[in-house]
2 protein chains.
Amino acid sequence: MVVNAFFATFAAKKTKTTMAPRKPSIPKGTRDFSTAEMARRNYIFDTIREVFGLYGYRQIETPAMENLSTLMGKYGDEGDKLLFKILNSGDYLRGTDRELIDAGDYVHLTPQISDKGLRYDLTVPFARFVVQHREELQLPFKRFQIQPVWRADRPQKGRYREFYQCDADVVGSDSLLNEVELLQIIDQVFRRLRIRVAIKLNNRKVLAGIAELIGAPDKLIDITVAIDKIDKIGIDKVNEELSERGLGDEAIAALRPILEISGSLTERIARLETLLADIEIGRRGVEELREVTEATRALGLEAELDLDVSLARGLNYYTGTIIEVKALDVEIGSITGGGRYDNLTGVFGLDGISGVGISFGADRIYDVLNALDLYPEATRVATEVMFVNFGTAEASAALAAAKRMRAAGISVEVYPDSAKMKKQMAYANASSIPYVAIIGESELAEEKITLKEMATGSQDLLGVDEIIARLRP
Amino acid sequence: MVVNAFFATFAAKKTKTTMAPRKPSIPKGTRDFSTAEMARRNYIFDTIREVFGLYGYRQIETPAMENLSTLMGKYGDEGDKLLFKILNSGDYLRGTDRELIDAGDYVHLTPQISDKGLRYDLTVPFARFVVQHREELQLPFKRFQIQPVWRADRPQKGRYREFYQCDADVVGSDSLLNEVELLQIIDQVFRRLRIRVAIKLNNRKVLAGIAELIGAPDKLIDITVAIDKIDKIGIDKVNEELSERGLGDEAIAALRPILEISGSLTERIARLETLLADIEIGRRGVEELREVTEATRALGLEAELDLDVSLARGLNYYTGTIIEVKALDVEIGSITGGGRYDNLTGVFGLDGISGVGISFGADRIYDVLNALDLYPEATRVATEVMFVNFGTAEASAALAAAKRMRAAGISVEVYPDSAKMKKQMAYANASSIPYVAIIGESELAEEKITLKEMATGSQDLLGVDEIIARLRP
């Protein structure tokens with residue numbers, strides 16, 4: 001396949017029928033990642049990956065393209081529109097319904113000319129994966145997945161058409177230990193990244209209990225949609241919205257003390273328990289909250305753990321625990337979220353698979369790390385040592401020395417051309433290479449290397465082994 | 001964005017307008033990668049990535065989608081057909097030319113309803129990247145890139161519509177030291193993967209010299225296309241093809257001694273030098289070959305280094321060194337290839353950027369490793385220790401112990417449910433977890449853990465620190 005590509009590239013060059021604009025660009029909402037950006041992004045991904053691994057979550061990958069039948073109808077009408085659809089190969093016009101075309105009915109034409117789309121998130125492909133490979137999977141199945149997703153959203157600051165999601169889910173277990181473990185994972189990841197966070201918890205059963213308590217069990221969704229905004233618009237506006245959504249004054253009044261619960265986490269859970277004492281589902285929700293928070297706190301947590309009865313995150317999607325993480329030192333939306341769901345795979349015909357999962361928002365975490373400049377030194381340095389090139393004989397000696405240093409795990413470049421010293425040093429500087437190694441005429445005779453530390457300018461005449469010992473003490 | 005996705009998922013569930021089939025599947029030519037497959041693939045990618053890094057190559061990433069104007073015309077007519085094109089969002093029918101539709105002219109309709117495509121290789125996006133970010137790049141620019149590419153090829157064994165490429169290129173330097181370094185990288189990667197390989201070298205200037213020597217300089221492409229097949233079809237068939245391509249008997253006869261050069265690498269280069277002594281371009285090619293092979297061999301190489309004058313790989317694409325790697329112990333096509341090109345970015349309006357690069361074929365390397373079963377033990381094991389769950393109090397102790405073990409870098413699971421012992425052990429077995437840790441009533445009282453080694457069945461009663469000391473000696 002590599003041959004084909006190069007061959008084809010040649011063919012294109014020969015025929016010279018290029019349509020390329022003078023200054024090429026990329027589709028709006030997409031990004032190139034430079035070497036410096038990739039170093040920082042890999043630091044985030046590697047941290048998340050390592051923590052997932054310590055908890056026994058194992059990686060899977062799914063194709064970028066899914067059948068449209070897998071994707072359509074899973075994200076609502078708006079989501080269907082935001083799916084990137086792939087034009088069928090070959091003569092896609094053949095067999096299409098010309099009446100649809102004449103009527104300009106592109107919505108109904110689409111399934112006739114496209115049967116694949118780019119994945120929109122990692123949740124639906126995971127559900128599809130679990131059902132498709134059900135026979136091979138050992139339950140409980142703990143998987144993580146770090147891959148890009150694509151959405152035809154209007155691009156805006158911090159919102160991209162291609163972005164990465166980092167999901168960990170366990171399916172096939174009802175145990176709250178899974179929640180405890182996911183909270184530990186969240187805590188570990190942000191501790192390692194040195195981002196101070198608050199983890200907010202809620203439980204869908206508590207929300208259901210509240211709706212029942214205030215006499216509006218059928219208004220659960222209206223209530224949660226409205227109170228989810230309390231941080232943004234305040235309680236008065238929330239009450240207005242609840243009223244618009246058909247909630248009576250009595251219900252709104254009954255809701256108020258719940259939204260105003262205060263005190264320590266333990267106190268608030270106790271207060272909630274009292275308020276929901278007579279509501280079976282609410283009591284169960286409080287019990288789950290207590291169990292999860294107590295077990296997590298017993299293990300010791302760096303993050304703040306918080307109860308937030310206004311937290312809804314996707315409403316009916318979740319059936320138990322709901323989790324959301326906020327950075328404490330940067331104003332930004334939620335940087336991680338998740339929760340328990342009962343029927344992830346039902347839409348693909350497999351019922352009864354319960355699960356719980358979290359999703360790290362890599363792009364927002366990247367923004368937080370940038371804002372706080374929390375990257376460790378290692379992400380700034382790629383090559384540790386650059387050999388200056390003074391010509392054939394010197395470069396040969398440099399290559400041999402470089403080989404030994406690489407065997408010791410040191411990243412080394414030999415400047416490829418015997419260019420002017422000034423140019424070579426400028427390259428080292430611009431590439432943030434911390435050490436420059438020099439083998440000139442005298443070093444060649446002495447079989448030594450002058451090692452220059454760029455930050456201080458200090459120089460030493462050393463053997464290869466001495467350099468290795470200094471850089472890898 | 002996470003909120004939106006979950007919200008939308010909920011909305012979809014509510015409306016229940018699912019189109020999903022009972023048994024979901026993925027598009028043909030694409031693959032899911034299971035946890036075991038990912039462990040093996042990551043072993044390959046990590047090895048390649050680490051070696052790239054030791055030589056100062058730094059990672060970039062480009063978007064999955066490129067503008068069609070960037071992609072079209074770069075891979076020949078066949079390549080244009082094999083591009084996956086993305087349907088424009090919204091009312092893509094508006095403004096289309098109905099005459100094209102009525103005529104069924106989908107080829108000319110496509111640019112009206114699609115302006116983006118999925119990347120077909122990493123070379124064209126890299127060229128686009130270099131031109132687009134020219135101002136920010138420090139030359140020589142050494143980048144590597146490991147990302148999937150997509151081609152609407154007819155799927156067949158070993159050929160996929162989504163597969164990974166692993167490319168390293170350096171642009172902005174003519175020095176042959178780059179070739180030497182890339183050969184060292186190839187050698188290192190396959191040494192680490194324990195795959196025995198032969199690296200075949202050729203040089204485009206040698207091919208040009210040969211064409212000139214036999215009096216057919218205008219037939220360079222015909223000659224290289226034909227002799228590239230010599231391994232597959234033999235010299236007689238090659239000669240037949242050369243004849244069909246218009247080469248005279250004299251030229252064919254003159255070519256024969258070149259194709260039959262034998263002896264050691266040094267002898268063959270010497271012989272080639274003699275044959276091409278009067279051809280300026282050929283002499284330069286031989287000189288380059290000699291310089292690259294001598295410098296590489298002086299550094300010590302595990303791989304066989306070989307001259308192959310029939311090696312063409314993409315013809316005019318390359319302008320100097322041509323590289324191809326074959327596995328010695330498995331019958332499979334080339335597993336890595338590359339070479340020097342002089343005008344990668346010319347098609348995007350930036351001339352004079354010379355470069356040299358290699359591309360590891362991750363999927364074929366994966367096949368070779370599978371065939372030879374060369375994976376290290378670590379790729380078979382994910383979780384090292386699983387705690388059996390005997391109920392609330394025991395599980396709490398297990399969670400606390402697990403936390404300490406994870407802090408020591410050990411991957412630990414606590415079985416989430418207090419299921420039957422048999423079921424838990426079956427899970428550990430099926431997941432290839434090498435150690436099971438047991439905290440039952442007596443261990444709880446003693447504050448100890450029974451550590452069972454699954455392979456031998458041997459058990460020891462140990463403290464957490466003792467377990468850590470045993471697993472991380």
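Biologist: Why is Y92(A) called buried?

Modeller: Buried means under 20% relative accessible area, exposed over 50%, and partly exposed in between (1.4 Å probe, protein chains only). Y92(A) has a relative accessible area of 5%, so Y92(A) is buried. A word on the source: this is a predicted model, where local features need pLDDT of at least 70 and side-chain atom pairs count only at pLDDT 80 or more, while totals for chains, interfaces and linings use all residues. Residues are numbered from 1 along each chain as its sequence is written, chains are lettered from A in the order in which they are written, and side-chain values use heavy atoms, with hydrogens and water left out.

Biologist: What makes Y106(B) partly exposed?

Modeller: The relative accessible area of Y106(B) is 25%.

Biologist: Why does the pair of Y92(A) and Y106(B) join two chains?

Modeller: Y92(A) lies in the loop between β3 (85–87) and α5 (98–102) of chain A, and Y106(B) in helix α6 (residues 106–113) of chain B, so the pair joins two chains. Helices (H or I, at least four residues) and strands (E, at least two) are DSSP runs, numbered from the N terminus.

Biologist: Why is the pair of Y415(A) and Y427(A) called edge-to-face?

Modeller: The ring centres of Y415(A) and Y427(A) are 5.4 Å apart and the planes are at 75°, so the pair is edge-to-face. Y415(A) sits in the loop between β13 (412–414) and α17 (421–430) of chain A, and Y427(A) in helix α17, 12 residues apart. Both Y415(A) and Y427(A) are buried.

Biologist: What does R41(A) lie over?

Modeller: R41(A) lies over the face of F33(A), 3.8 Å from the ring centre. The rule asks for NZ of Lys or CZ of Arg within 6 Å of the ring centre and within 35 degrees of the ring normal. R151(A) lies over the face of Y120(A), at 4.1 Å.

Biologist: Why is E384(B) called buried?

Modeller: E384(B) has a relative accessible area of 17%, under the 20% cut-off, so E384(B) is buried. E384(B) is in the loop between α15 (362–372) and β12 (385–387) of chain B.

Key
Rings of Phe, Tyr and Trp (its six-membered ring) pair if their centres lie within 6.5 Å; planes under 30 degrees apart count as stacked, over 60 as edge-to-face and the rest as tilted.
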